[in-house]
Structure formats: structure tokens, C-alpha cells
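The model is a predicted one.

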Amino acid sequence: MASILNFIQQILSTPAIFVGLIALIGLILQKSNVQNVVKGTIKTILGFLVLSAGASVIQQAIIPFGDLFQVAFGVQGVVPNNEAITSLGLNEYAVQTASIFALGMCLNILMARFSKWKYIFLTGHHALYMSCLISIIFSIGGLSGWKLILSGALLLGFIMAMFPAIMQPTMKKVTGDDSLALGHFGSCGYWLSAQIGKAFGTKKEMRTTEDVNFPKGLSFLRDNTISISIAMFICYIIVSGVAEFTNTVKAEEIFNGTNWVLYSVMNAITFSAGIYIVLAGVRMLIAEIVPAFKGISEKLVPNAKPALDCPIVFPYAPNAVLIGFLCSFTGGVFGLIILAFMGNIGLAAAIILPGAVVHFFCGATAGVCGNATGGLKGCIVGAFVHGIAVTLLAAFLLPVLGSLGFASTTFSDADFTVIGIIFGNLSKVISADIIFVLMIVMFMMPILYSFTIGRKKNET
């Protein structure tokens, strides 16, 4: 029995297999022939693997940039990273995390079936990280056993439907239709960027990031792979140069024997190659998952929409991806300065260093969302504010994490920090039993609404 449960957990926590399984179920429910079922399932998995491979290439190129930034400017502090903090949390909360994760996925489908939030969250690894966070904060709050697992699963199932619902108006502006949803726990930051963008989106002829005009002599920059490579090279060469001439020993450890100029060139082009691979994977994934999902939408969960990982928005505004990253990273540096100032005046605050991974994936997505509502200005300002927000939120989350808060990392994306701060502090001031009842009531509210007030509105 234990081996079967472990097998199921591995399926749910392996994103490519999980998304492929959803496509398989959808195609079977549509009564597609065997050839189409096999083709659609494999191409869905392949699309996700291509996307993941691109993401890995990007991380390979972008992580050293963050390391060099620390070496170049001599800053020390906490680097937010979901994978790192989850691995630490699983040492103590593995059983609770796995149980909340599996049950929460089921409750997400239940929520989509019986409420107006018709979103099925398909970013399995993010659901796993959130399960770990919930396990930590509820355990610290005094919950244990089946009450901890059920409370955590109810919260997970709720937010897996709620956050895509919050983001859907922005997703319509990004994609131009209502077929896709965003299933990524950075939604609070993306929503904030979109709202800021609205302040710049009142003009009839709004200039977007994709409308940037280059002089004839620079027309080659219209090719995104070229412009991204050059922009990243400029960033890399500055940071690498400062690191090389101010802290040669540590810089050389990162360069690993490669000349710093050549290292900058290769990482900049590798970064651009990763973007290219991600975009190819996204296009393949969308082409397969949307038609396959019609089976689930028609048979299992009427009108359901797949909520997918954040790179799903990248093809809609490739220029905003790069601009969003750079502006979010700049915002992260500004947030670091704010935290340092708070520490100097006696307000205890951890120093949160700008993690290149969170500022790329989340900052780029924030840029796309800000661009959708406010054009180029919305992208710049929205992503910059996003960078400040995730930095400050990560600092405020640390005290909530108990002993894990003393680690050199923490959760990074906005939804993790918002959920952790709200429910972590809440669980410290009210009893475990009240938390348990509160989770039940909160989960049931959208369902009861759709059967009462929502139904009456539809009838009128």
C-alpha cells in the first residue's frame, strides 16, 4: 500500500507526467481514437519537458549572475529560493506535505466542479512547495495529525482555484481569449503589476513593449534572441567586471577558469537560448493541452480551464519578458536598500538578496501583465514594484517560519509569502481548533455562493 501511495505521489509531483495524465483523461473523455490519445498525451508531456529544459537552461545561465552580484558588491544575506527551503522543510514535514499535496489536488477539482472558480491548477511542483509551507505554518500554530492534513488540504484546494480566478481578467488581456489560466503562486505580484499598469493604460494608442521601434541600423534587434543576448551580455559584463577587479578570488571560483569576458558572452547567449527553448515548449504545450482539456471541461468539470505555469505568458510579449526581469531585479536591489535602512534605524529586518531566478520567472511574468494593462510604462513600473514587493514580503515571512527562518533561504514568490504571513500569524493568535473550523468555512464559501447567491443572479 505504501509503495502504491508513493507511486501516486510521484506522478502528482512530476509536472510533465501529471500534465500528460490530465491530457490523457481529457482525450479519453472525448472518446478520441487510440492514435490521437497516444499522440496528444506524448506531445503534451514532450511540450512540458521542452519547457522545463528551457527553464533549466535559463537557471544555469542566470544563477551565476546573482552569485556574481553578491561578490561584486559585497552584500550578504538571505537568498529566497522555493526549492531550497522546501528541501529543508521536507526533512521534518515530509508526511504532512505529501498528504496535504495529494488531498489538496483532489479538493481543487472539487472546488472547480461545484464553484464558479473553474480552474484546475496544473503546476504540480508549486502545489508541492505550497503544501510544505502550509505544513510548516500550521504545525507551528499547533495543528497536528488529521486536522493538520485536512486543514492544509482545504487551504491548498482553495488557493489553487482562487489565485487563477484573481488573475483571469489579466490573462484575458495577455492572451486575447479566455481559454487559458495562470497557475503559478506568484499571482499577488502579477496582479499588483497589472493594477499598476492600468494607471498608464488610459490612452487610446498605448505603446507596448512589442511596439518598440529600432533605427534601421539596429533593425536586427527586432529578433528577440539577438536583443535578449545583447542586453544580458551588457548586464553580465558589468557585474562580472566589477567582481573580477574587486574580489578576484571569489569571482574566479565562479568563472571556473574561464575568462570573465568569455564567461559573460556564453552565459548571455545561453540565457537567450533558454528563452527560445521555453517559447517552443510553451507553444507545443498550448497546442495540445487546450484541445485535450475540452474533454474534462465537457464531461468532468464543466467550463474548466487549465491553470498553467508562468512561462505560458512569455510568447505573448517576448520583449516584456526581458524588460520585466531587469526592472524586477532593479526593484529587488532597491528593496535590499530599504531593508538595510530599516536595520540601521533599529527596525529588525533580514537582508533579502535579489534572487535571479525569482526575479526572472516572476519578474518577467509581472512585466508581461503590466504590459498587457499599461504598455511599456506599465511593464517597467509594474515589474519594478513587483521586485520591491517580493523582497519585502520575503523578509516579513522569515520570522513566521520558526527554526527554518534561521536558514540562509526562504520562500520567494509572492503568494507563498502572502499566505505564509497571513495564516502563519493568524495561527499564532487563535487556537488550532478555530483554524480547523475556519479552513472548512473558507473552503465551503465559494461553493455555497455558487449554489445560492450566484444561482439567483444567473436566474435573474
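Q: What is the handedness of the crossing of α12 and α13?
A: In this predicted model, the crossing of α12 and α13 is left-handed. The two helices, α12 (residues 356–397) and α13 (residues 414–429), pack at an angle of about 35 degrees, with their axes 9 Å apart.

Q: Why is H386 called buried?
A: The relative accessible area of H386 is 1%, and the label buried applies under 20%, so H386 is classed as buried. This histidine lies in α12, and, once its neighbours within four places in sequence are left aside, H386 is in contact with G189, Y190, S328, C362, G363 and A366.

Q: What makes α4 roughly parallel to α14?
A: The axes of α4 (residues 82–114) and α14 (residues 432–451) come within 9 Å and cross at roughly 20 degrees. Because angles under 35 degrees count as roughly parallel, α4 is described as roughly parallel to α14. The crossing in which α4 passes α14 is left-handed.

Q: Which residues of α4 and α14 meet, and how do they divide by class?
A: L107, L110, M111 and F114 in α4 meet F443, P446, I447, S450 and F451 in α14. The residues of this contact divide into eight nonpolar, one polar and no charged.

Q: Why is α6 called roughly parallel to α14?
A: Helix α6 (residues 145–175) packs with α14 at an angle of about 30 degrees, the axes being 9 Å apart. Since the label roughly parallel covers angles under 35 degrees, α6 is roughly parallel to α14. The crossing of α6 and α14 is left-handed.

Q: Which residues make the contact of α6 with α14, and how many are charged?
A: From α6 the contact takes in W146, K147, L150, S151, L154, L155, G157 and F158, and from α14 it takes in D433, F436, M439, I440, M442, F443 and P446. By class, this contact has eleven nonpolar, two polar and two charged residues.

Q: How do you know that K305 is buried, and what is its relative accessible area?
A: K305, found in strand β3 (residues 305–308), has a relative accessible area of 15%. The cut-off for buried is under 20%, so K305 counts as buried.

Q: What makes the pairing of K305 and D178 a polar contact?
A: The side chains of K305 and D178 are joined at 3.5 Å, and a polar contact requires a pair of N or O atoms within 3.5 Å, with one able to donate a hydrogen and the other to accept it. The pair is accordingly listed as a polar contact.

Q: Why does I228 count as buried, and which residues does it touch?
A: I228, in helix α8 (residues 224–246), has 3% relative accessibility, and therefore counts as buried, the criterion being under 20%. Not counting residues up to four places away in sequence, I228 touches F271, S272, I275 and L322. I228 and L322 are 94 residues apart in sequence, and their C-alpha atoms are 6.7 Å apart in space.

Terms used. Residues numbered from 1 in each chain as written. Predicted model: local features only at pLDDT ≥ 70, side-chain atom pairs only at ≥ 80, totals over all residues. Heavy atoms only, no water. Axes fitted to C-alpha atoms, helices over the stretch in contact; angles between N-to-C directions. Helix = DSSP H or I, 4+ residues; strand = E, 2+ residues; numbered from the N terminus. Parallel < 35°, antiparallel > 145°, perpendicular 65-115°, else oblique. Left-handed = near helix turned anticlockwise from the far one by under 90°. Contact = heavy atoms within 4.5 Å. Nonpolar A, V, L, I, M, F, W, Y, C, P; charged D, E, K, R; others polar. Buried < 20%, exposed > 50% of the residue type's maximum accessible area, 1.4 Å probe, protein only.
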